[in-house]
Amino acid sequence: MAIATGTRLLDHVLSSHQFDRPLLDTVFATARGLTGVRDRRLSGRIMATLFYEPSTRTRLSFESAMLRLGGAVIGTEAAREFSSVIKGETLEDTIRMVSAYADVIVLRHDEAGAAARAAAVSDVPIVNAGDGPGEHPTQALLDLYTVDSELGRIEGLHVALCGDLRYGRTARSLALLLSLYPGVRLTFVAPDVVQMCPDILALMDSRDVPYTVTDSLLDTVHDVDVLYQTRIQKERFEDPGDYDRARGETRIDAAVMGRLPQHAIVMHPLPRVDEIDPEVDADPRAAYFRQARNGVEIRMALLGMLLG
């Protein structure tokens, strides 16, 4: 499917709440049509990457996506240290200025709600590339796209989200999208200190999505289709003791893989620390590096929809 031109299909990408099934189908169909594509359809367009937190995959995949579509990239990967914010400039003023220089802004910030604040003052589309413990909608889109590509469906799957679910914005965003698919069953696997927040559980209740909350990974994996691991984020903890108590409780190793069904896949938004044993990498069920590669196609699709 070609990227639509002349009609903008999205104004901003701020939250998984923006997406319904028809829009998800459009994004995925567009992404599939962009596999291996390199052309000039966004020639003359400029994307600004404004990252207040570190990033490797998200920033580089967005930059790769823009370049593959013939656009140009400007920006900074350490905006807190290397922009006027160090002089006291507000996010709103920064966005007002950057929107004068670019056609789309990809923003990562350490505060939940920062992307919505940016969109309120921007003259160009804003893409939320992660706002603190809030959301990471483009990661959730590529995650869902990966599930569909790997297993051939999303409806009716049992998905276990494990690790840091309290602060893990990727797990929050993915849970929101999964709730749109009939028959999906979720299990939230985490120590209590980093278990999924009540707002997401309440949304699952409102949408009649069956879910289980547990701290035992070994007791969960025997019938899952997707095992989605996340890093325990030390930088989000105010109490180091809480981090120490949470770390390692949901580690994926040979014992876990031995109970995981042969058809299942293991996913991770990356980077990982020690929550997946490197010995798992050789297992064909380890989909996390294939998952990361899917980010380019999804972000190409989104950029085309935003700038169409």
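Keep in mind that the model is predicted.

**Stop 1: a helix under cover**

Start by selecting residues 169-178, which make up helix 6. How many of its residues are buried? The count is 10 of 10, so this helix is mostly covered. Show the side chains and you will find Arg169 and Arg172 among the buried residues, along with leucines including Leu174, Leu176 and Leu177.

**Stop 2: a cysteine in a loop**

Now select Cys197, in the loop between strand 6 (185-189) and helix 7 (198-206). Is Cys197 buried or exposed? Its relative accessible area is 19%, and buried means under 20%, so Cys197 counts as buried. Along the sequence, Leu165 and Cys197 are 32 residues apart, while in space their C-alpha atoms are 7.4 Å apart.

**Stop 3: a loop residue on the outside**

Move on to Asp208, which sits in the loop between helix 7 and strand 7 (211-214). With 68% relative accessibility, Asp208 counts as exposed, because the cut-off for that word is over 50%. Look at its backbone as well: phi of Asp208 is near 55 degrees, a positive value in a residue that is not glycine.

**Stop 4**

Tyr101 comes from the loop between helix 3 (91-98) and strand 3 (104-109).

**Stop 5: pairs of opposite charge**

Side chains of opposite charge can pair when their charged atoms come close. There are 14 salt bridges in this model, and we will visit some of them.

Select Arg59 and Glu63 to begin. Their side chains form a salt bridge, with 3.3 Å from N to O. Where do the two residues lie? Both are in helix 2, 4 residues apart, which is about one turn of the helix. An α-helix has 3.6 residues a turn, so residues three or four places apart point the same way. Both partners are buried: Arg59 has 13% relative accessibility, and Glu63 has 18%.

Next, select Arg251 and Asp277. The closest N and O atoms of this salt bridge are 3.5 Å apart. This pair links distant parts of the chain, 26 residues apart. Arg251 is in the loop between helix 8 (240-246) and helix 9 (254-259), and Asp277 is in the loop between strand 9 (265-267) and helix 10. Arg251 is partly exposed, with a relative accessible area of 30%, whereas Asp277 counts as buried at 17%.

For another pair, select Asp283 and Arg285. Here the N to O distance is 2.7 Å, and both residues are buried.

**Stop 6**

Select Leu270 and Pro271. What kind of peptide bond joins them? It is a cis peptide bond, with omega about 5 degrees. Leu270 lies in the loop between strand 9 and helix 10, and Pro271 lies in that loop too. Phi of Leu270 is near 65 degrees, a positive value in a residue other than glycine. Leu270 counts as buried, at 14% relative accessibility.

**Stop 6: an empty space inside**

Rolling a probe the size of a water molecule over the atoms shows where empty space is left. Helix 10 gives the most, with 5 residues. Color the lining by class and you will see 5 nonpolar, 5 polar and 2 charged residues.

Key
Residues numbered from 1 in each chain as written. Predicted model: local features only at pLDDT ≥ 70, side-chain atom pairs only at ≥ 80, totals over all residues. Heavy atoms only, no water. Nonpolar A, V, L, I, M, F, W, Y, C, P; charged D, E, K, R; others polar. Buried < 20%, exposed > 50% of the residue type's maximum accessible area, 1.4 Å probe, protein only. Salt bridge = Lys/Arg side-chain N within 4 Å of Asp/Glu carboxyl O.
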